[in-house]
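Visitor: I would like to learn how to read the packing in a model like this. Where do we start?

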Amino acid sequence: MEKLNKQYLKQLSHYSWLTLISIISILGVSAVFYLLVILFSGHIDVEAVSISIGGGNLVSMLAFLSDVMVLVLVIFSICTPYQIFKEAIANGVSRWTNWLAHHLMVITVLVVAWLMNALIELLQSGTVTWSQRWAIIISMLIGVTTAGALGNLYGLMSMRWKIILTIALLASFFVLCWLVVRLVFLVTPERAVMMIQSINHPIVWNGLGLIWVALMVGIDYLCALHMQLRRD
């Protein structure tokens, strides 16, 4: 349990620093861009830089923070599994403990991001639509678990196979888009509308989303437990 806590806090710390750096970088680029706008326009838009704690700017700030948190978590899950694994093995942390600590960290971040999204809706409309909250958390889980599975799959591979897998994934994506376009042109508009309506139900989409999440977590788990130290 002690190793689990230490590994959890270490991964949460790494993620927090990466998120903070990302926020500062985005704000810095935005500030430079705004200064350039002032330089070329010759005037300052006071409303654009005003801060209203009780108004829309608070909602915008929360939305910005929530989006950055999830985006950084996706990037973190893709890029860092092997480096975290090497550090864990060097410190005597088992693969299972490292995997569990990572997912506890992921759950922590997603819960915070989800609560921020609920607060945004509460500030905007005065109420929280729980069906929409459910769809949002499933969307977050789909993105993060897919990134985690891909990151751990990359962790098993050498650089050559990483490049091959990346090319294969990009090619598969374009082929899938082409097949969807072909399907749209092959069926009549009425038939397409009927097909969309037949599956356009929250239970269907949420169910498919949960199945996808379970599949990605399974791939993530198997890859994490079979990861080995390599020379590259």
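Visitor: Which residues touch the most other members of the largest nonpolar core?

Guide: First, the general idea: in soluble globular proteins, nonpolar side chains tend to be buried together. This is a predicted model. Its largest nonpolar core has 27 residues, and Tyr15, Leu73, Met105, Leu110 and Met140 touch the most other members. Helices α1 (2–41), α3 (56–79), α5 (95–125) and α6 (130–155) each supply at least two residues. The most come from α5, which gives nine.

Visitor: What is Met140 in contact with, beyond its neighbours within four places in sequence?

Guide: Met140 contacts Ser66, Val70, Leu110, Ala113, Trp114 and Asn117.

Visitor: Which residues of helix α4 are buried?

Guide: In α4 (residues 81–90), they are Pro81, Tyr82, Ile84, Phe85 and Ala88. They span an arc of only 160° around the axis, so they sit on the same side of α4. Just after α4, Gly92 has a positive phi of about 75°.

Visitor: How many aromatic pairs does the structure hold?

Guide: A pair of aromatic rings is described by the distance of the centres and the angle of the planes. The structure holds six such pairs. One of them is Trp99 with Tyr221, edge-to-face at 5.0 Å centre to centre and 75° between the planes. Trp99 lies in helix α5 and Tyr221 in helix α9 (residues 202–225), 122 residues apart.

Visitor: Is Trp99 buried or exposed?

Guide: Trp99 counts as buried, because its relative accessibility is 11%. Tyr221, at 30%, counts as partly exposed. Trp96, Trp99 and Tyr221 form one aromatic cluster.

Terms used: Residues are numbered from 1 along each chain as its sequence is written. This is a predicted model: local features need pLDDT of at least 70, side-chain atom pairs count only at pLDDT 80 or more; totals for chains, interfaces and linings use all residues. Side-chain values use heavy atoms; hydrogens and water are left out. Buried means under 20% relative accessible area, exposed over 50%, partly exposed in between (1.4 Å probe, protein chains only). Helices (H or I, at least four residues) and strands (E, at least two) are DSSP runs, numbered from the N terminus. The arc is that of the directions from the helix axis to the C-beta atoms. A nonpolar core is a set of buried Ala, Val, Leu, Ile, Met, Phe, Trp, Tyr and Cys residues joined through side-chain atoms within 4.5 Å. Contact means heavy atoms within 4.5 Å. Rings of Phe, Tyr and Trp (its six-membered ring) pair if their centres lie within 6.5 Å; planes under 30 degrees apart count as stacked, over 60 as edge-to-face and the rest as tilted.
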